[in-house]
Amino acid sequence: MLGKGVVGGGGGTKAPKPSFVSYVRPEEIHTNEKEVTEKEVTLHLLPGEQLLCEASTVLKYVQEDSCQHGVYGRLVCTDFKIAFLGDDESALDNDFDEKKKTLFGQLKKYPEKLIIHCKDLRVFQFCLRYTKEEEVKRIVSGIIHHTQAPKLLKRLFLFSYATAAQNNTVTDPKNHTVMFDTLKDWCWELERTKGNMKYKAVSVNEGYKVCERLPAYFVVPTPLPEENVQRFQGHGIPIWCWSCHNGSALLKMSALPKEQDDGILQIQKSFLDGVYKTIHRPPYEIVKTEDLSSNFLSLQEIQTAYSKFKQLFLIDNSTEFWDTDIKWFSLLESSSWLDIIRRCLKKAIEITECMEAQNMNVLLLEENASDLCCLISSLVQLMMDPHCRTRIGFQSLIQKEWVMGGHCFLDRCNHLRQNDKEEVPVFLLFLDCVWQLVHQHPPAFEFTETYLTVLSDSLYIPIFSTFFFNSPHQKDTNMHQRQLSLPLTQSKSSPKRGFFREETDHLIKNLLGKRISKLINSSDELQDNFREFYDSWHSKPTDYHGLLLPHIEGPEIKVWAQRYLRWIPEAQILGGGRVATMSKLLEMMEEVQSLQEKIDERHHSQQAPQAEAPCLLRNSARLSSLFPFALLQRHSSKPVLPTSGWKALGDEDDLAKREDEFVDLGDV
């Protein structure tokens, strides 16, 4: 990388020592500046997006084992994204100290290497060694500030985009997402589920005059006086979620505020007694209460598990991937993420059994009824209501239970970066649970895992207002009636498709799902009624238009490979895995047809023309098993032995005598 210039002397004098060191790459010395300008890639900005800082001569790594190959270009930071604009010129560099340190605040010394971990688990590495010092300071400071510094709500790019973007598209009024922002929408849902005989939609919170946490309209039991809603600002009120065909219903309730005063506690007790009497007397069925705050998962458990889990997929290079390969399963088990998914699905099945088999109402209880209540109630409806398994029904379900249900997306996704303790991926956990159902029963759903993956990505894209507020009140207050082109937040006159394009292909319904999980013997812990209900359903043929239950035994809960492994080439299958299955079948059919034509031609004593080689083989061989998010751009060959285990294996003679160790991953 370093070029040295030598200054020559006179006749017989001794040549002086080199006194000049060039920090310019040799190939750059003869580069024409006009050509560089012509090769620069244009930066595309969204409406309202502003360029903040940039740095040139940045090397973006594409790492393979110990060699670090890369491409030179510009690193750009805007108020929406970090972008790299590269040229076709490649380079090689392998001289770096591998010590890693998290950057924050004001730096005294700026790094020569920058590693960026993205929310969607992509990892980017940049070399700043050949960048001008002032540009390094600007780009590093800019990235730190706009990715880590606390923000004000109004400073989010969401508002700049909403002001600049224009929405001129028209929707089909017959096929839209129900927004549940009017009394009519709730009445329609009551009529659809036959719940209008026992429950009523109320407008007592219209204008958010009772509680800013609740939506403007919601549904409560018919005998419940509306003044009860106002008494404790919506706390302690059973709010309707969904009604079953047999008349049983799913309800949720936020707990009353904790008080120390005995007088207030007595008033709260009397109030709750009155509410419980209302929902226990006919025509209401027996009510079973599920306290999710004390008898189920804690938000801290979810946060801790996901923090460990995502580290398995933040891989910096191929060497690191294979070094961790030998202990990957144990790390996966210790994260407990798959076990948390299993527990959520199990709880949803238990509630489904109470409603379907025992004809009981179920009341979900949580401190604010905005986290685990949203998760469990959504899963129950997904299992019991086939309408929720359509694309429009699923979007309406998210709008009803999560957006109008007051899930704190702003805090749980930590969009403002003000409190890391509040950042808990509850909605992502829900999507992972949904993926388990989609993976096990693909014909039952109108959408694929690709839809779910894109939906999970949109959680962190600040142009979608759906996932950027803590409550409907906060959204209505700050958006000022602006309409965005969003997947789930359109009004009746906005686009029905929004961010989500047409499904990529029917082939991607059954993409890679690794059979890796903590093996759990759940028989002992399941109640008799639950086990009987669970086994009975799975012993019958599946009705994809009726009740749908997942398998929750350990091996059946898998890693959502398309989301978590899509950026790791080493984890992809050459040839596309299940993605390429249909292509292979079509290829075989073409070969059979070609052979049949040759036989027919020989039978008629005609010379057979040279058959063209099927192109499907070449195409499918370059597909990735994680298509459409990743294509195989390079091969990564697994080392014969993990580098971490070389020392423990001894010399070659001992190694030759040992039997090979083999781990069967099953049908991946």
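Modeller: Happy to! In this predicted model, a polar atom of the R566 side chain lies 3.1 Å from the backbone oxygen of R563. The side chain of R566 also makes a polar contact of 2.7 Å with the side chain of D457. To find R566, look in the loop between α19 (561-564) and α20 (581-603). With a relative accessible area of 0%, R566 is buried.

Now turn to another arginine, R122, which sits in the loop between β6 (113-117) and β7 (123-127). Its relative accessibility is 32%, so R122 counts as partly exposed. The side chain of R122 is joined to that of D120 by a polar contact of 2.9 Å. If you set aside the neighbours within four places in sequence, R122 is in contact with I116, H117 and W567.

Next, the helices. In α9 (residues 318-325), the buried residues are S318, F321 and W322. They span an arc of only 90° around the axis, which places them on the same side of α9. The general rule is handy here: an α-helix has 3.6 residues a turn, so residues three or four places apart point the same way.

Let us finish with helix α12 (residues 372-384) and two of its packing partners. Against α13 (residues 391-403), α12 packs at an angle of about 150°, and the axes are 10 Å apart. Angles over 145 degrees count as roughly antiparallel, and α12 and α13 are therefore roughly antiparallel to each other. Their crossing is right-handed. On the α12 side, the contact involves C374, L375, S377, S378, Q381 and L382, while α13 brings F394, L397, K400, E401 and W402.

Against α15 (residues 426-440), α12 packs at an angle of about 20°, with the axes 10 Å apart. That makes α12 roughly parallel to α15. The crossing of α12 and α15 is right-handed. Here α12 uses L375, S378, L379, L382 and M383, and α15 contributes V426, L429, F430, C433, V434 and L437.

Notes
Residues numbered from 1 in each chain as written. Predicted model: local features only at pLDDT ≥ 70, side-chain atom pairs only at ≥ 80, totals over all residues. Heavy atoms only, no water. Helix = DSSP H or I, 4+ residues; strand = E, 2+ residues; numbered from the N terminus. Buried < 20%, exposed > 50% of the residue type's maximum accessible area, 1.4 Å probe, protein only. Contact = heavy atoms within 4.5 Å. Polar contact = N/O pair within 3.5 Å; in protein donor to acceptor, adjacent residues only side chain to side chain. Arc of directions from axis to C-beta. Axes fitted to C-alpha atoms, helices over the stretch in contact; angles between N-to-C directions. Parallel < 35°, antiparallel > 145°, perpendicular 65-115°, else oblique. Left-handed = near helix turned anticlockwise from the far one by under 90°.
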